[in-house]
Amino acid sequence: MSFWEQRNVFVTGATGLLGSWLTAELLSRGANPVCLVRDWVPDSEAATSGTLSRCRLVRGELEDYALLLRAMNEYEIDTVFHLGAQTIVGTASRSALSTFESNIRGTWVLLEAARQLMPRIQRVIVASSDKAYGAHPQLPYREDTPLIGRFPYDVSKSCADLISQSYYHSFGVPVAVTRCGNLYGGGDLNFNRLIPGTIRSALRNESPIIRSDGTFVRDYFFVADAVDAYLQLAECVPGDGFKGEAFNFGTETPLSVVEVANRILQVMGKTHLELTILGQATNEIPRQYLDCTKARSLMNWKPRHDFESSLAITIDWYRRWAAGSPQSAA
């Protein structure tokens, strides 16, 4: 019997990029996902693929303590994936208050509900981010690098990360924290992000728009590999060395914005399209990438896809999406 067979799993952020694919994989492994959904997003991967129609849905907001407590209690949840958040850096800068409400308050509300339901709750996996580290002169980030976010989104993730660790050290809640690089893959319809935006522009034979000056460096992480990382980590919790710990997940291959955009155009045969570089990005960290030694050594984990193969899979998803045909898995 697989680890996930008939396991009751609570997923926040199930209509997002990672949540859509993680929930689908949970279903394929025999789990019983219960998904918290605030807004109905009909063109999300979770909706169009039929994933949500196979799950129990709880409608409401992360900040609603009574709702979370009721849902996790009544559905006898033993595993929680807390992915729900306001994830767009630009949106966070325009509306810091709503970002802090969802990303910070939403995290402590969920963890407090989980605390009330111990020991039934056996593991809580909280999605932090490489942005939680903030700007550091020494890279790559290791898990012991201080969390010093400065801009609204980064601060929200620093806070959620530290709160999660506090709930373990103070109350014994079996939490593990993930800090991933920039996720990409089929199903991301936030076209102000680099990879989906560049692919859509290329499909339309339009010049891709680069908001920054093109020199920002990031660790780009394929969503299918992120799903594997989350599930593998969850299977390790509440084991010693995992509960109360944070883990970096990424490719350890930093790429600049211009490098990524040009590689997309090469794969798509659209190198004649010139990048339009606006140089307008604000409240963003210039250079970020991760050291994943801890995950490799403790979990024997590594990504299954290289950048070229995952990019090809991602581009194929968007071609199908643009043509209005059914989507295949990431």
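**Sheet and helices**

Guide: Seven strands make up an open sheet, in the order 3-2-1-4-5-6-11, with parallel pairing. Two strands count as paired if DSSP finds at least two bridges between them. Helices (H or I, at least four residues) and strands (E, at least two) are DSSP runs, numbered from the N terminus.
Visitor: Before we go on, what kind of model is it, and what cut-offs apply?
Guide: This is a predicted model, where local features need pLDDT of at least 70 and side-chain atom pairs count only at pLDDT 80 or more, while totals for chains, interfaces and linings use all residues. Residues are numbered from 1 along each chain as its sequence is written, and side-chain values use heavy atoms, with hydrogens and water left out.
Visitor: How many bridges join strand 1 and strand 4?
Guide: Four, in the parallel sense, between residues 8-12 of strand 1 and residues 79-82 of strand 4. Val 9 stands opposite Thr 79 in strand 4.
Visitor: New topic. Which residues of helix 9 are buried?
Guide: In helix 9 (residues 257-267), Val 257, Val 260, Ala 261, Ile 264 and Leu 265 are buried. Buried means under 20% relative accessible area, exposed over 50%, partly exposed in between (1.4 Å probe, protein chains only).
Visitor: Where do they sit around the helix?
Guide: Down the axis of helix 9, the buried residues fall within an arc of 135°, so they line one face. The arc is taken over the directions from the helix axis to the C-beta atoms.
Visitor: And what meets them from helix 7?
Guide: Leu 194, Ile 195, Thr 198, Ile 199 and Ala 202 of helix 7 meet those five residues of helix 9, contact being heavy atoms within 4.5 Å. The axes of helix 7 and helix 9 come within 10 Å and cross at roughly 35°.
Visitor: Last one: is Ser 256 buried or exposed?
Guide: Ser 256 counts as buried, because its relative accessibility is 13%. Ser 256 is in strand 12, and it touches Gly 214, Thr 215, Phe 216 and Val 217, leaving aside residues up to four places away in sequence.

Conventions: Axes are lines fitted to C-alpha atoms, for helices over the stretch in contact, and angles run from 0 to 180 degrees between N-to-C directions.
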